Amino acid sequence: MVPWVLAFVLILSPTALAFPLESPAFQRLVKDSYDQVPGAPSFLDWLKSAYRKGFARSSPGGYPGDLEEALRQLSHRPPVEAATWAFQVVKRLLPRFSLEEGYEFAYATLKGERQCLLQATLVQGLLESMGFSAGIYMVWKNPEGRESNLGHAVAVLRLKGKDYLVDPSEPIPFPRHLGVFLNTKEGYRFAEPIYARDGAIVAYRIHGRRWLPDEVGPLPYAFVRSQFYYYRGEQARGGILKPPRTPTGLARSEAMLRKAVALDPRNPLARYLLGLTLAKEGRGMEAKSLLLEAHALYRTYGHVPRSVAAILKGL
């Protein structure tokens, strides 16, 4: 493990991971978005209004068409029922999936758009607002076994001794992703969930060792906020992944990715893409340093994605 990684290893703390809808932490994520896309209506006001219009009489499960009352009633119901409700509400209120804009809370209100990180953040926010423990994982291996470089985000409902993934990108509320990226007392780790018949995760395989759900935790708030800026850099028009690339677009990617790295220096994806961006800008030495640092992080966390390994071969 490289020395500066050791400095950022966090001890799991439920209070550091939770950010319900009304919390300052959740509102900070919304403000970050509105700083990029000014002029959108208040997100929470929009959410309450859209819920009321979308479920004039009752929401899934027969709950009231008033969001605050529905949250109050669901806080007394089984957590899996509450998670199913949150899954259905997000799919109904945000019907359009958009990789290009769906990570912005502003575009959720303006266009009804969502993307994996935004929907995961909203699901966990709803669950936390009901008093249930929830958080966010990244996915590196989907239910079919296809691997990605942390290409997807999901919410996780945390119960005593078991977890449930909640993913509005799937047709069912509780899919069985085969690889997730999470937090432990030793730092971030790539993990392989072990499922019970009902879809609950009862253990995780990490470095060949079996970890219980109570021994791991969701990604911290710093990572989540960093990841929103990562998507802003990734999706910048004319930027690193949106050709034809332009100097302005690459500069936008660089600025957003530098913010992502600053918010969470342990985020390997942000460091990796910033290195690729600087390489495209002709800043080879700085790019190489960042790519080597990203590779060291991935190795420390237990898995080096193919795309990262391929880039490192050419350095």
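Leu 150 lies in strand S6, which covers residues 147-159. In this predicted model, Leu 150 has a positive phi of about 55 degrees, although the residue is not a glycine. Its relative accessibility is 1%, so Leu 150 counts as buried, the limit for that class being under 20%.

A second residue other than glycine with positive phi is His 207, where the angle is near 55 degrees. His 207 sits in a loop, between strand S10 (201-206) and strand S11 (209-211). Its relative accessible area is 56%, and His 207 is therefore exposed, since exposed means over 50%.

Another backbone feature occurs at the peptide bond from Pro 243 to Pro 244, which is cis, with omega near 0 degrees. Pro 244 belongs to the loop that runs between helix H9 (221-234) and helix H10 (247-263).

Strand S5 spans residues 133-141 and includes Lys 141. Lys 141 has a relative accessibility of 14% and so counts as buried. What does the side chain of Lys 141 join in a polar contact? The partner is the side chain of Glu 192, at 3.3 Å. With neighbours within four places in sequence left aside, the residues in contact with Lys 141 are Arg 146, Glu 147, His 177, Leu 178, Gly 179 and Glu 192.

Gln 115 is placed in the loop between strand S4 (113-114) and helix H8 (116-129). Is Gln 115 buried or exposed? At 1% relative accessibility, Gln 115 counts as buried. The side chain of Gln 115 reaches the backbone nitrogen of Leu 117 at a distance of 2.8 Å. Beyond four places in sequence, Gln 115 is in contact with Phe 97, Ser 98, Gly 102, Tyr 103 and Tyr 231. For Phe 97, 18 residues away in sequence, the C-alpha to C-alpha distance from Gln 115 is 5.6 Å.

Pro 41 occupies the loop between helix H3 (24-36) and helix H4 (43-54). With a relative accessible area of 39%, Pro 41 is partly exposed, because this value falls between the 20% and 50% limits. Not counting residues up to four places away in sequence, Pro 41 touches Tyr 34, Thr 109 and Leu 110. The C-alpha atom of Pro 41 is also separated by 7.7 Å from that of Ala 106, a residue 65 positions apart along the chain.

These sites belong to a protein with 13 helices and 12 strands. Among contacts between residues at least 6 apart in sequence, 59% join residues at least 24 apart. Buried residues account for 56% of the 315 residues.

The overall dimensions can be set against a simple rule. A compact globule of 315 residues would have a radius of gyration near 20 Å, and the protein, at 19 Å, agrees with this. Along the principal axes, the C-alpha atoms fill a box of roughly 60 × 50 × 35 Å.

The accessible surface comes to about 13,300 Å², with 55% of it belonging to carbon and sulfur atoms. As for charge, the protein has 41 positive and 29 negative side chains. The centres of these two sets lie 3 Å apart.

Definitions and conventions. Residues numbered from 1 in each chain as written. Predicted model: local features only at pLDDT ≥ 70, side-chain atom pairs only at ≥ 80, totals over all residues. Heavy atoms only, no water. Helix = DSSP H or I, 4+ residues; strand = E, 2+ residues; numbered from the N terminus. Buried < 20%, exposed > 50% of the residue type's maximum accessible area, 1.4 Å probe, protein only. Polar contact = N/O pair within 3.5 Å; in protein donor to acceptor, adjacent residues only side chain to side chain. Contact = heavy atoms within 4.5 Å. Rg over C-alpha atoms; globule rule 2.2 N^0.38 Å. Areas by Shrake-Rupley, 256 points an atom, 1.4 Å probe, with all protein chains shown as cover. Lys, Arg positive; Asp, Glu negative; His and termini not counted. Charge placed at Lys NZ, Arg CZ, Asp CG, Glu CD.
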